[in-house]
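Please examine the sequence and the structure shown below. The explanation that follows leads from an open space in the protein to the molecule placed there.

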Amino acid sequence: MKKSEIINLISLAQKARKNSYSPYSGFAVGAAILAASGKIYTGTNCESASYGATVCAERAALTAAVSAGERRFTAIAVAAGQKPTPPCGICRQLLAEFGEMTVICAAADGDGHIETTLSKLLPDALTNNDLKG
Ligand code: THU
């Protein structure tokens, strides 16, 4: 990925973060996912008084993309906190449903980031292949 594409994805995640609904944790998260089509979809975390019903920013972005018909992804950026924030385990698992992609972990502000891959964050993920036979 070009540096300019990474910076753009981070800035869209940071912008989405501003819409976070997180009255319980106070931890606002934004995500932006780049589909193979070239389109970018964003999401933010949405919390619930029934805490377990909370949806993370990454899954909000992913499901927006899937709802628009996307199935292949190049990269996702996550933006939260004072230092680069990694996606949680549940989000890693749902992202893995769609195969390998670059994961960019960023803070709420600034261009600083960690660039990694989904397979590094979730090696040996359970996939559809494991459900056969
Ligand atoms: N959260 C995300 O949106 N993404 C993550 O990967 C980590 C956790 C949200 C869920 C909850 O609203 C808040 O951050 C604190 O866990």
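**The pocket and its ligand**

Fourteen, written 14, is the number of residues that line the largest pocket, and Phe 27, Val 29, Asn 45, Cys 56 and Glu 58 lie nearest its centre. A pocket is an open set of points on a 1 Å grid over the protein atoms alone, where a 1.4 Å probe fits, with protein on both sides within 12 Å along at least five of seven lines; lining residues have an atom within 4 Å of a point. The model is predicted: local features need pLDDT of at least 70, side-chain atom pairs count only at pLDDT 80 or more, and totals for chains, interfaces and linings use all residues. Residues are numbered from 1 along each chain as its sequence is written, and side-chain values use heavy atoms, without hydrogens and water.

Which residues surround the ligand? Among them are Ser 25, Thr 54, Ala 57, Pro 86 and Pro 87, each with a heavy atom within 4 Å of the ligand.

Polar contacts are pairs of N or O atoms within 3.5 Å. A polar side-chain atom of Glu 47 lies 2.5 Å from an oxygen atom of the ligand, and one of Glu 58 lies 2.6 Å from a ligand oxygen atom. Cys 88 instead places a backbone N or O atom 2.8 Å from an oxygen atom of the ligand.

Technical notes:
Polar contact = N/O pair within 3.5 Å; in protein donor to acceptor, adjacent residues only side chain to side chain.
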